[in-house]
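Thanks, everyone. I will go through the salt bridges in this one, pair by pair.

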Amino acid sequence: KATKELSMEKTLKELDTTWAGMEFESQRHRRTGVMLLKSSEELIETLEEDNQVQLQNMMTSKFVGYFLEQVSNWQKKLATSDSVITIWFEVQRPGPTSRASSSARRTSGLSCQSTPNSLTPSTPTLRR
């Protein structure tokens, strides 16, 4: 039991470390000059493939009891981050009805409680 709990504690600490240092890359749109987020394969893989799977596995463990609140909080934070990132990139995608400048207007109310260009363990918030 102690070994499993130690493993969970280590995984949760690694999540803190990973997401405290995770940063978005940005690039300036060539026509409008608006700063856009660049898709980061590392960020997407870490979010979708690594960390969310680790948390799902922890939730199914019979030893999760002590860490249940932390694991649940991380699942919510990462699910919210995944949704926000997906929508953000969708809004930025160029298309006949979506230009970078109109994307910037639509996302101007979107705000993350984090340091500039950095994802932290705090839950992103949406403001209108």
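Lys-10 is exposed, with a relative accessibility of 53%; exposed means over 50% relative accessible area, buried under 20%, and partly exposed in between, with a 1.4 Å probe and protein chains only. Lys-10 and Glu-14 are four residues apart in helix H1, about one helical turn; helices (H or I, at least four residues) and strands (E, at least two) are DSSP runs, numbered from the N terminus.

Before the rest, the basis. This is a predicted model, in which local features need pLDDT of at least 70 and side-chain atom pairs count only at pLDDT 80 or more, while totals for chains, interfaces and linings use all residues. Residues are numbered from 1 along each chain as its sequence is written, and side-chain values use heavy atoms, leaving out hydrogens and water.

How many salt bridges does the rule give? The count is three.

Lys-13 pairs with Glu-9, with 3.8 Å between the closest N and O atoms. Both sit in helix H1, residues 2–20, again four residues apart. Lys-13 is exposed at 51%, and Glu-9 is partly exposed at 35%.

Then there is Glu-25 with Lys-38, at 3.7 Å between the closest N and O atoms. This pair links distant parts of the chain, 13 residues apart: Glu-25 is in strand S1 (residues 25–28) and Lys-38 in strand S2 (residues 35–38). Glu-25 is partly exposed at 45%, as is Lys-38 at 31%.

Key. Salt bridge = Lys/Arg side-chain N within 4 Å of Asp/Glu carboxyl O.
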